[in-house]
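Good morning, and thank you for making time for this presentation. Please have the sequence and the structure open as I speak.

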Amino acid sequence: MKVIETRYKGFRFRSRTEARWAVFLDALGIAWRYEPEGYVLRDGARYLPDFWLPEAGAWLEIKGGEPTREERRKAVLLSDGSKHPVYIVSGLPYWMAGADLVGAQYMLCLGENSAAPENESAMSMIDFERMTAPEFLKKKGFDPADYGSWLAADVAYYEERHGEEHPYRFPEGFAVNGGLLPGVLGGTSDRDRLAALRKMHSARFEFGEGGLSV
């Protein structure tokens with residue numbers, strides 16, 4: 001199946017999910033630029049990020065499902081080269097009933113040259129390059145005494161270094177952190193996020209309303 005491009009505010013988004021994220025960000029007054037420019041990564045690969053968020057100083061990558069190892073690797077290289085964090089989100093933002101907030105499933109990718117956003121949890125950092133735990137976490141401003149933080153880092157480091165699955169794996173669903181995206185949504189209120197979520201779901205676009213073509 002091929003995802004139909006969707007138009008919103010003069011942009012042709014590659015998927016309906018990207019367009020709905022743009023509506024969500026607009027409803028919260030968060031500035032964004034869609035595919036502003038492409039980059040050549042350190043390994044020579046070409047990369048075109050989805051969203052640049054100038055106020056947050058971060059990249060936002062939209063995926064339909066959990067990102068692959070290659071997608072995470074490229075995000076780390078983008079972070080390393082641009083010196084900005086990269087958020088990879090899976091699907092759309094949603095109401096998290098247990099936590100009573102609007103959040104998203106996401107991963108935070110950081111290169112050696114980029115710092116973690118304020119108030120971000122180390123548990124969302126699951127994939128790095130050239131890292132050692134707990135030294136890498138301490139360098140990024142996280143508490144290396146926190147067991148969960150260095151364990152998450154150790155799993156990522158082992159798999160990057162050895163190219164195979166770590167003997168210990170987190171339970172299914174843990175690898176993608178579900179939460180507020182503090183580096184992006186941290187300055188917004190619960191009420192505003194809920195209103196933005198409703199607006200996102202009610203949005204109608206110029207064409208491609210069916211969503212998918214076979």
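Buried here means under 20% relative accessible area, exposed means over 50%, and partly exposed lies in between, with a 1.4 Å probe and protein chains only. Strands and helices are DSSP runs numbered from the N terminus, with at least two residues of type E for a strand and at least four of type H or I for a helix.

Two remarks on the source are in order. This is a predicted model, in which local features need pLDDT of at least 70 and side-chain atom pairs count only at pLDDT 80 or more, while totals for chains, interfaces and linings use all residues. Residues are numbered from 1 along each chain as its sequence is written, and side-chain values use heavy atoms, with hydrogens and water left out.

Strand 8 comprises residues 58-63, and six of its six residues are buried. Which strands pair with strand 8, and in which sense? Strand 7, residues 51-53, runs antiparallel to strand 8 and is joined to it by three bridges; two strands pair if DSSP finds at least two bridges between them. In that pairing, L53 stands opposite A58. The hairpin of strand 7 and strand 8 has four residues between the strands, and G57 takes a positive phi there, near 65°. With strand 9, strand 8 pairs in the parallel sense over five bridges, and W59 stands opposite V86.

Strand 9, residues 86-96, in turn pairs with strand 10 in the antiparallel sense, over eight bridges. One of the facing pairs is V89 with Y106 of strand 10. Strand 10, residues 101-109, has eight of its nine residues buried, so it is largely enclosed by the rest of the structure.

**Helix 1**

I turn now to helix 1, residues 16-27. Its twelve residues reach 17 Å from the first C-alpha to the last, close to the 16 Å expected at 1.5 Å a residue; the expected span is 1.5 Å times one less than the number of residues. Nine of the twelve residues are buried, so helix 1 is largely enclosed by the rest of the structure. Among the buried residues are R16, E18, R20 and W21. After helix 1 comes G29, whose phi is positive, near 70°.

**Charged pairs**

Side chains of opposite charge can pair when their charged atoms come close. The structure holds eight salt bridges, each being a side-chain nitrogen of Lys or Arg within 4 Å of a carboxyl oxygen of Asp or Glu.

In one of them, the side chains of R14 and E35 meet at 2.5 Å, N to O. R14 lies in the loop between strand 3 and helix 1, and E35 in the loop between strand 4 and strand 5, so the pair ties together parts that are 21 residues apart in sequence. Is E35 buried or exposed? E35 counts as buried, at 18% relative accessibility, whereas R14 is partly exposed at 45%. E35 also has a side-chain polar contact of 3.4 Å with Y34. A polar contact is a pair of N or O atoms within 3.5 Å; within protein, one must be able to donate a hydrogen and the other to accept it, and residues adjacent in sequence count only if both atoms are side-chain atoms.

K63 is buried at 18%, and E61 is buried at 2%.

In helix 6, R193 and D190 lie three residues apart, about one turn of the helix. Their salt bridge has its closest N and O atoms 2.2 Å apart. R193 is buried at 4%, while D190 is partly exposed at 45%. A network of salt bridges links D43, E70 and R73.

**T188 and the whole protein**

T188 lies in the loop between helix 5 and helix 6. A polar atom of its side chain is 2.6 Å from the backbone oxygen of L185. Leaving aside neighbours within four places in sequence, T188 is in contact (heavy atoms within 4.5 Å) with L28, I30 and R193.

Finally, the protein has six helices and twelve strands, and buried residues make up 48% of its 214 residues.
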